[in-house]
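This note is intended for a colleague meeting the structure for the first time. Please read it beside the model.

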Amino acid sequence: MKFFIDTANLNEIREAQDLGVLDGVTTNPSLMAKEGIKGKDNIFAHYKAICDIVDGDVSAEVISTDFHGIVREGEELVEIDPKIVVKVPMIKDGVKAIKYFTDKGIKTNCTLVFSAGQAILAAKAGATYVSPFLGRIDDVGGDGLDLIEQLVVIYNNYGFETEILAASIRHVPHLIQCAEIGADVVTCPLNVITGLLKHPLTDVGLEKFLADAKKL
Ligand code: E4P
């Protein structure tokens, strides 16, 4: 299972990278805006800074919604660094653009996926990653994990190579359940990754070991 961090914050990305368990980064326009990044040059420089920190794939999202705009933006984004994966929304022109990028050998991440039908289309178009947003499904009273389970079955049935990138992860149990189901990748905030470290018995046990070590 790959761990991606879902942020555009360079300090958080560095911290996850330093832990030695990071496989990539996902960003989106909301995460970039949260960092106060404005203007094309600054946005591109920020993506480059992220790529310089991590060893794996870095998803950079297009904001065009028409085929030619998505293709133009995607082709510019991949010039920034070979680690860039073009993140494309699950819309009709997005699917066409994913197929175009696939044929050109450009990696893609199909985002804003909320149904099995959408995920089938993304896989048929050859997306490198498909991003089902499980937290947002939970937010509206659905069960995001059911969708991840469905996708694992469907992709296995046909040997689709598209990797299931569970997105919109809100807490540690989400991540653990994605691992049980067999999602290929999880992208989550830093606190979810570091949350994996925590167990009260570890703290109590360590305290006792350190106390006893003083008797040695
Ligand atoms: C990642 O690719 C998605 O953009 C992200 O996980 C969405 O998460 P959110 O629902 O917390 O905004």
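1. The model is predicted: local features need pLDDT of at least 70, side-chain atom pairs count only at pLDDT 80 or more, and totals for chains, interfaces and linings use all residues. Residue numbers start from 1 along each chain as its sequence is written.

2. Strands β1 (residues 2-6) and β8 (residues 185-188) run parallel and are joined by 4 bridges. The bridge partner of I5 in β8 is C188.

3. Helices α8 (residues 144-158) and α9 (residues 172-181) pack at about 20°, their axes 10 Å apart (axes are lines fitted to C-alpha atoms, for helices over the stretch in contact, with angles from 0 to 180 degrees between N-to-C directions). Helix α8 is therefore roughly parallel to α9 (angles under 35 degrees count as roughly parallel). In their contact, L145, I148, E149 and V152 of α8 meet Q177, C178 and I181 of α9 (C-beta atoms, placed from the backbone, within 7 Å).

4. Around the ligand are D6, T26, N28, T111, S131, F133, G135, R136, A167, S168 and T187 (C-beta atom, placed from the backbone, within 6 Å).

Key. Helices (H or I, at least four residues) and strands (E, at least two) are DSSP runs, numbered from the N terminus. Angles under 35 degrees count as roughly parallel, over 145 as roughly antiparallel, 65 to 115 as roughly perpendicular and the rest as oblique. Two residues are in contact if their C-beta atoms, placed from the backbone, lie within 7 Å. Two strands pair if DSSP finds at least two bridges between them.
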